[in-house]
Each structure stands twice: as C-alpha cells, then as structure tokens.
Amino acid sequence: MPGYNHPRDLIKVAKDFPDLNFVVYHAGFRGVTSIEQIFAKTGEIPWTTEFCRMKEQEPGLSNIYMELGSTFAQLVTTYPLICAHLLGQIIRSFGMDHVLWGTDSIWYGTPQWQVEAFRRFQIPDQLIEKDQYQPLTRRAKEQVFGFNSARVFGVDVEAKRREVPNDALGRLRMSYLEEGPEPSRRAYGWVAG
C-alpha cells in the first residue's frame, strides 16, 4: 500500500518529538514509474516535491534529514534533469546540512559508480538561477558524503581519522614507512649458496 510510505506524517512527528532526529530514506521519493510524464506535466517529483513544500511551511523544524539512498542512482542515470531538481529541492527546503549520502549497495552491488557520479554531478546553472537552487560545491558534496551523517550519529570525524593508523592496514603502512624508502634486501626461504 504505497500511501503508507508517503513521508507526510513526519512533519507532525518531528514537531512532537523535537529531541529526536528523523531520517527520510530515499529522500521521500515515490519511484521512477511514470516520473518523466508526471514531471513534464506538473513540474513535480512525486512525494518529494510535496514533502519539501510541507517542510518549507515549517522553517524552524530542524530534525528531519533527507537520505538519498538509491534515489540518486535511479535518477542520475536515466533522468539527470529530474535528479538535479530533486537535489535542488531537498537542499533548498531542508538545507545542505540535512542531506545524507546513501546507496542501497547491499541490493545493487558496489556503490563506487554512484560515488563517482555524485562527485561529478552539477546542478545546471540555469536551474540554479531560475529555481534558486544551491550549487553542488566540493564542500557541499563533502557534507553529503559524510560530514552530515557524522554529526547526526555523533561521530567525531577528527578522532576517527586519528584512529586509522591503529587498524591492521594502518599498522602495515606505518611498518612500511618505518623501514624507509630503500628495500631491506632480506631474502626469505631457501637460497642456494
């Protein structure tokens, strides 16, 4: 029953529970079925556009986060213009600091192609001007890729970065660096003499 998936109830719930954060998976996107015809006819992205308008009526509401999930992947490959509008709308309505990266890679395999697509993706200048969308700067993409999620989930990014050398790969790297740039010239195994 698709109607139960619409994010409309989250506005009231977020107001009722201001001490909780709510993550809207897939940016509240209904799906790609008939998206091209719907967008051409109405200029709207089913559910997402409506939810963005609802949020804009509650400017003080700051505990809702829009997660991209497979929505970005579905749109960027087939409907890049609609993808630009979706990103522009959720950023304008919720703020750049309330957009979270997601890939659904558990279902679709390695997300590297999605990461590369988002790194390169830009909202066209004419949409930025016409619809007052924010450009996707490098800093904005860094926020979406991880800094926003780190803040929501209470992860101290700098502390985590300092931890990296303590994992197995970090220890191997440190061992390599300690040996210096020259090879050790050690021989292992049987050597004929």
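Me: Leaving aside neighbours within four places in sequence, which residues is L68 in contact with?
Reply: L68 is in contact with H26, L86, L87, I90, V99, L100, W101, G102, F118 and V144. Contact here means heavy atoms within 4.5 Å. Bear in mind that this is a predicted model, where local features need pLDDT of at least 70, side-chain atom pairs count only at pLDDT 80 or more, and totals for chains, interfaces and linings use all residues. Residues are numbered from 1 along each chain as its sequence is written, and side-chain values use heavy atoms, with hydrogens and water left out.

Me: OK, and what about the largest nonpolar core, how many residues does it have?
Reply: That core has 39 residues, and L68, F72, L87 and I90 are those with the most contacts inside it. A nonpolar core is a set of buried Ala, Val, Leu, Ile, Met, Phe, Trp, Tyr and Cys residues joined through side-chain atoms within 4.5 Å. Buried means under 20% relative accessible area, exposed is over 50%, and partly exposed is in between, using a 1.4 Å probe and protein chains only.

Me: Which element gives the largest share of this core?
Reply: α5 does, with 8 residues. Helices (H or I, at least four residues) and strands (E, at least two) are DSSP runs, numbered from the N terminus.

Me: How do α4 and α5 pack?
Reply: α4 (residues 69-78) and α5 (residues 80-94) pack at about 140°, and their axes are 6 Å apart. The two helices are therefore oblique to each other. For the angle classes, under 35 degrees counts as roughly parallel, over 145 as roughly antiparallel, 65 to 115 as roughly perpendicular, and the rest as oblique. The axes are lines fitted to C-alpha atoms, for helices over the stretch in contact, and angles run from 0 to 180 degrees between N-to-C directions.

Me: Which residues make that contact?
Reply: From α4 you have T71, F72, L75, V76 and T78, and from α5 there are P80, I82, C83, L86 and L87. By class, the contact of α4 with α5 has 8 nonpolar, 2 polar and no charged residues. Ala, Val, Leu, Ile, Met, Phe, Trp, Tyr, Cys and Pro count as nonpolar, Asp, Glu, Lys and Arg as charged, and the others, Gly among them, as polar.

Me: Is α4 mostly covered or mostly open, and what do its buried residues pack against?
Reply: Mostly covered, with 7 of its 10 residues buried. Those are G69, S70, T71, F72, A73, L75 and V76. The buried residues of α4 pack against β2, α5, α6 (105-108) and α7 (112-120).

Me: Switching to the sheet: what's the strand order?
Reply: This is an open sheet of 3 strands in the order β1-β2-β3, with parallel pairing. β1 (22-24) and β3 (99-100) are the edge strands, each pairing on one side only. Two strands pair if DSSP finds at least two bridges between them. β1 and β2 pair over 3 bridges, while β2 (residues 64-67) and β3 pair over 2 bridges.

Me: Who sits across from whom?
Reply: V23 stands opposite Y65 in β2. On the other pairing, M66 has V99 in β3 as its bridge partner, and E67 has L100.

Me: Which way do the β2 residues point?
Reply: I64 and M66 point one way and Y65 and E67 the other way, and all are buried. In a regular strand the side chains alternate between the two faces of the sheet.

Me: Where's G102, and what does it touch?
Reply: G102 is in the loop between β3 and α6, and at 9% relative accessibility it counts as buried. Not counting residues up to four places away in sequence, G102 touches E67, L68, G69 and Q114. G102 and V144 are 42 residues apart in sequence and 9.1 Å apart in space, C-alpha to C-alpha.

Me: V144 again! Which α9 residues meet α7?
Reply: K141, V144 and F145 in α9 meet V115, F118, R119 and R120 in α7. The two helices pack at about 155°, with axes 10 Å apart, and that makes α7 roughly antiparallel to α9. Their contact has 4 nonpolar, no polar and 3 charged residues.

Me: What's the phi of W47 and of Q132?
Reply: W47 has a positive phi of about 75°, and Q132 has a positive phi of about 55°. Most residues other than glycine have a negative phi. W47 is in the loop between α2 (35-42) and α3 (48-56), and Q132 is in the loop between α8 (125-131) and α9 (138-152).

Me: Are those two buried or exposed?
Reply: W47 counts as buried at 13% relative accessibility, whereas Q132 is exposed, with a relative accessible area of 57%.
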